[in-house]
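The sequence and structure come first.

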Amino acid sequence: MAKHHKHPENNPAFKGLTVNDGVSSAPIINPYKKVAKRRRIYSVDEYFKGIIDGDITMLSQAVTLIESYLPEHQKIAQQVIEKCLPYTGNSIRLGITGVPGAGKSTFIEALGLHLVKNSHKLAVLAIDPSSERTKGSILGDKTRMEQLSTEKNAFIRPSPSAGSLGGVARKTRESIILCEAAGFDTIIVETVGVGQSETAVHSMVDFFLLIQLAGTGDELQGIKRGIMEMAHGIAINKCDGNNIDKSQVAKTQFQNALRLFPKSDSGWDPEVIPCSAIEYKGISDIWEMVERYINHTKNNQYFDLKRNQQSKYWMYETVDEQLKNNFYQNPIILQLIEEVEHRVLNNEISSFTGAKILLEKFATVSYPQQSV
């Protein structure tokens, strides 16, 4: 009876029809799947020792701490950086930029392979643009630099730009410090492309290389004068096949354009070198140019002067950033900002008056006058 009550189809009245009990419901959670363990946060001394010993895993985790926005991570990261500072400053910092499609990643891999084969230790800090809508980033440089990523003396770290100025990762300069402490004698910073990011990268590297293409029409079209003035050298990539003759023409065009600019404070005359990253042609010539520049600026003391100027620049940049963060994270400002914004949109007050109201309130709550 119970069987018939549960499955009335099994009643003898229904000949030739039988319904069996099904299996019990499978658990929602896969019993065979291992639960991922939460990544351990090491002590400051453990991070420091791992970095100084050249432990790539520890270096990667320390860079992750630097990129984290969590206050507890930032506190540890800054302490690690302070301990690493005495072991830094002995690398060549090279910034590389160029229009999208110029072959920056291919060029960096070719240059990187040249360096590691000549007993250099190379760290590549590649910046991937973050989506303004989803804040996501592909982080595909390890895929694009497949051969270089397998070299034991190469460290490739793609980082999301996280919406910072022109796509430059906010913590790249601090990552450079950790890489130097880990024993890397050459640091390459790759930008997302021609734009405002070049200004920030220029302020953290010794040599700034602009990668260009030949055979695309007017080679100087769309190149901002400021970027040309910042460049210490220009590499005309993809100088192979039918592009060889065009590259020579482009070289002359760039050389003529560079002569129009005033001489730099370093006394260095930028050079233009054609190359082919895919055929590994001209790569050693470009590195020799970088070494000539470093020797030139060290001999006339400009190298140390520029490093000092960069340190001062980033101190004030950090002050500006912290003030901005404190302003927008202040709970009183967050309550007031909607009201002020509403008044601005209704033309009750001007945008400048609205900003003044918010800033005066921020000053009051942040630095209250002490009673006498």
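Which residue in S4 is the bridge partner of leucine 94? The partner is isoleucine 188.

The model is predicted: local features need pLDDT of at least 70, side-chain atom pairs count only at pLDDT 80 or more, and totals for chains, interfaces and linings use all residues. Residues are numbered from 1 along each chain as its sequence is written, and side-chain values use heavy atoms, with hydrogens and water left out.

**Overall fold**

The protein chain holds 15 helices and seven strands; these are DSSP runs numbered from the N terminus, with helices (H or I) of at least four residues and strands (E) of at least two. Of its 372 residues, 42% are buried. Buried stands for under 20% relative accessible area, exposed for over 50%, and partly exposed for what lies in between (1.4 Å probe, protein chains only). Among contacts (heavy atoms within 4.5 Å) between residues at least 6 apart in sequence, 72% join residues at least 24 apart. The accessible surface, from the Shrake-Rupley method with a 1.4 Å probe, comes to about 21900 Å², and carbon and sulfur atoms account for 53% of that area.

Strand S1 spans residues 92–98, and seven of its seven residues are buried. Ile92, Leu94, Ile96 and Gly98 lie on one side and Arg93, Gly95 and Thr97 on the other, with both faces covered. Strands count as paired if DSSP finds at least two bridges between them. S1 pairs in the parallel sense with S4 (residues 186–190) over five bridges. It also pairs with S5 (residues 207–213), again in the parallel sense and over five bridges. In S5, phenylalanine 207 stands opposite leucine 94. Glycine 95 has valine 189 as its bridge partner in S4.

S4 is likewise mostly covered, with five of its five residues buried. Thr186, Ile188 and Glu190 point one way from the strand, while Ile187 and Val189 point the other way.

**The second largest pocket**

A pocket here is an open set of points on a 1 Å grid over the protein atoms alone, where a 1.4 Å probe fits, with protein on both sides within 12 Å along at least five of seven lines; lining residues have an atom within 4 Å of a point. The second largest pocket has a volume of about 650 Å³. It is lined by 27 residues, of which Glu229, Met230, Ala231, His232 and Ser264 are the closest to its centre. Elements giving two or more residues to this lining are H10 (225–230), H11 (244–258), S7 (271–274) and H13 (302–329). H13 gives the most, with five residues. The lining divides into twelve nonpolar, eight polar and seven charged residues.

**Positive phi angles**

Most residues other than glycine have a negative phi.

| Residue | Phi | Loop | Relative accessible area |
|---|---|---|---|
| Serine 119 | about 70° | between H5 (104–117) and S2 (122–128) | 67% |
| Lysine 238 | about 60° | between S6 (233–237) and H11 | 35% |

Serine 119 is exposed, whereas lysine 238 counts as partly exposed.

Methods: Points joined across faces, edges and corners; volume = space filled by probe spheres on them. Nonpolar A, V, L, I, M, F, W, Y, C, P; charged D, E, K, R; others polar.
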